[in-house]
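Biologist: Please take me through this structure term by term. I want each label set against its definition.

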Amino acid sequence: MTAPLHEARPAAPGRALPDTQQGMRRRNLARVMHTVSAEGPLSRAAVASRIGLTRAAVSTLVDELIRSGLLEELGPERPGRVGRPGSALAVSGRGPAGIGAEIGVDHLAVCAVDLRGQVRARAVRQADNRDRSPEDVTADVTDLVRQVVAEIEGEGLWPAGLAVAVPGLVARDGRTVVHAPNLGWHDTDLGTLLPAHLPLTVDNEANFGGLAELWLGEAAPHDFLHVSAEIGIGAAVVVDGRLLRGTRGFAGELGHVPVRPDGPPCACGGQGCLEQYAGEEAVLRAAGLASAGNRVEVLADRAAEGEETVRRALHDAGVALGIALTGAVNLLDPEMVVLGGALAGLAPWLLPSLRAELARRTAGPACPVSVSRLGSEGPLLGAAHSVVRGVLDDPAAVPAPV
Ligand SMILES: [Zn+2]
């Protein structure tokens with residue numbers, strides 16, 4: 001079982017229960033939900049034996065979870081098992097759903113994921129958000145959230161919470177964007193701008209991308225660096241199955257690791273940062289191409305056609321990524337590096353030079369570099385799944401439908 005998302009954050013006031021019967025009940029509800037989610041469909045007896053409680057105790061918990069719309073009974077199990085057939089329990093395909101949103105530099109996306117992990121609705125809007133106010137952008141996000149919620153409500157689902165991925169630094173309060181350089185936002189409290197009736201979590205897109213890899217990725221390593229890029233470059237550091245957030249919540253700013261200390265100035269105040277060499281716009285510039293909305297497709301198409309300047313620019317970006325990652329790999333000794341986000345689409349041209357640079361510079365055996373199959377979907381899916389994980393971790397706290 002993977003660690004709960006919220007372990008790495010400070011406990012919300014009032015959420016840390018004393019070790020009373022009530023606290024025990026909440027923990028047991030979570031154990032039932034996690035067990036059925038990971039191994040279901042299961043009978044009540046099977047759940048009881050998995051978590052070491054009596055069948056009567058499990059039945060009480062299960063009845064509560066069915067009443068709350070979190071579990072459902074699928075009907076009698078097939079015969080052939082020892083003992084009386086029980087009704088198989090499964091995580092509900094109706095009930096609460098996680099709403100994820102992504103505020104990108106040039107797009108907005110919202111999706112709903114049910115407790116089984118299925119995407120049930122999705123809405124996307126292309127928009128150049130660089131010169132727009134937080135009020136205007138969040139009004140559009142709210143509009144997309146409404147569309148998605150209306151769609152899932154028609155299928156018997158309701159929103160359990162909203163998680164928003166942003167391309168910037170987010171305070172540990174989980175709602176304030178401290179600085180999003182590519183949006184031009186400073187100290188923006190999204191909690192005052194987004195729908196107030198939904199529990200809200202805001203996090204950096206790279207963090208949600210890393211969590212998506214942890215929860216949904218094929219390789220499912222527990223110690224890895226997840227690197228993703230849009231115009232900026234971010235990394236999520238996952239150590240022993242948990243996201244490393246840092247003191248202020250700013251860990252993982254790989255894009256501002258210097259590659260050449262005397263290189264071009266960067267918006268962060270430094271010089272020669274990785275973003276100046278491997279960010280999407282930097283690569284377009286190096287390839288002699290104008291900025292466009294579909295930056296990755298332009299680069300991938302031209303590289304696939306064999307255009308030499310584009311391939312050279314991507315090769316050099318791979319070298320810069322390799323240099324920056326050398327520091328992180330030597331420091332943290334991860335099981336692997338995962339290229340996600342837009343970088344996944346450019347992997348065929350980035351990987352050879354990235355791997356060579358990393359192998360040449362790291363002290364031990366070369367750290368494997370893999371490519372996320374989630375690609376640019378990672379942050380959005382990670383956001384929605386973080387709400388779903390929150391429901392599994394504390395089913396008693398799930399809001400009722402409004
Ligand atoms: Zn920088």
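Modeller: Helices (H or I, at least four residues) and strands (E, at least two) are DSSP runs, numbered from the N terminus. Two strands pair if DSSP finds at least two bridges between them. By these terms a hairpin joins strand 11 to strand 12 through three residues. This is a predicted model: local features need pLDDT of at least 70, side-chain atom pairs count only at pLDDT 80 or more, and totals for chains, interfaces and linings use all residues. Residues are numbered from 1 along each chain, as its sequence is written.

Biologist: How do you know that strand 11 pairs with strand 12, and in which sense?

Modeller: Six bridges join strand 11 to strand 12 (residues 233–239), and the two run antiparallel. His 226 stands opposite Ala 236 in strand 12. Strand 11 also pairs with strand 14 (residues 336–339), over four bridges in the parallel sense. There the bridge partner of His 226 is Val 338.

Biologist: What makes strand 11 largely enclosed?

Modeller: A residue is buried if 20 or more other C-beta atoms lie within 10 Å of its own, exposed if 12 or fewer, and partly exposed in between; C-beta atoms are placed from the backbone. Six of the six residues of strand 11 (residues 224–229) are buried, so the rest of the structure largely encloses this strand. Phe 224, His 226 and Ser 228 point one way, Leu 225, Val 227 and Ala 229 the other, and all are buried. Across the 402 residues of the chain, 44% count as buried.

Biologist: Why is the chain called as compact as a globular protein of its length?

Modeller: The chain has eleven helices and 15 strands. Its radius of gyration, taken over C-alpha atoms, is set against the globule rule, 2.2 Å times the number of residues to the power 0.38. The value is 23 Å, close to the 21 Å that the rule gives for 402 residues, so the chain is as compact as a globular protein of that length.

Biologist: What makes strand 5 and strand 10 edge strands?

Modeller: They belong to an open sheet of five strands, order 5-4-3-6-10, with mixed pairing. Strand 5 (119–126) and strand 10 (200–204) each have a single partner strand, so one side of each is left without a neighbour in the sheet. For strand 10, five bridges join it to strand 6 (residues 157–166), and the two run parallel. Leu 162 stands opposite Leu 200 there.

Biologist: Which strands does helix 5 lie across?

Modeller: Helix 5 (residues 205–216) lies across strand 3 (95–103), strand 6 and strand 10, at about 95 degrees to strand 10. Axes are lines fitted to C-alpha atoms, for helices over the stretch in contact, and angles run from 0 to 180 degrees between N-to-C directions. Contact means that the C-beta atoms of two residues, placed from the backbone, lie within 7 Å.

Biologist: How many residues of domain 1 are in contact with domain 2?

Modeller: The bounds come from an automatic or database domain assignment. It gives domain 1 (5–91), domain 2 (96–209 + 379–397) and domain 3 (220–373). 15 residues of domain 1 are in contact with 13 residues of domain 2. Helix 1 (residues 21–39) gives the largest share of the domain 1 side, six residues.
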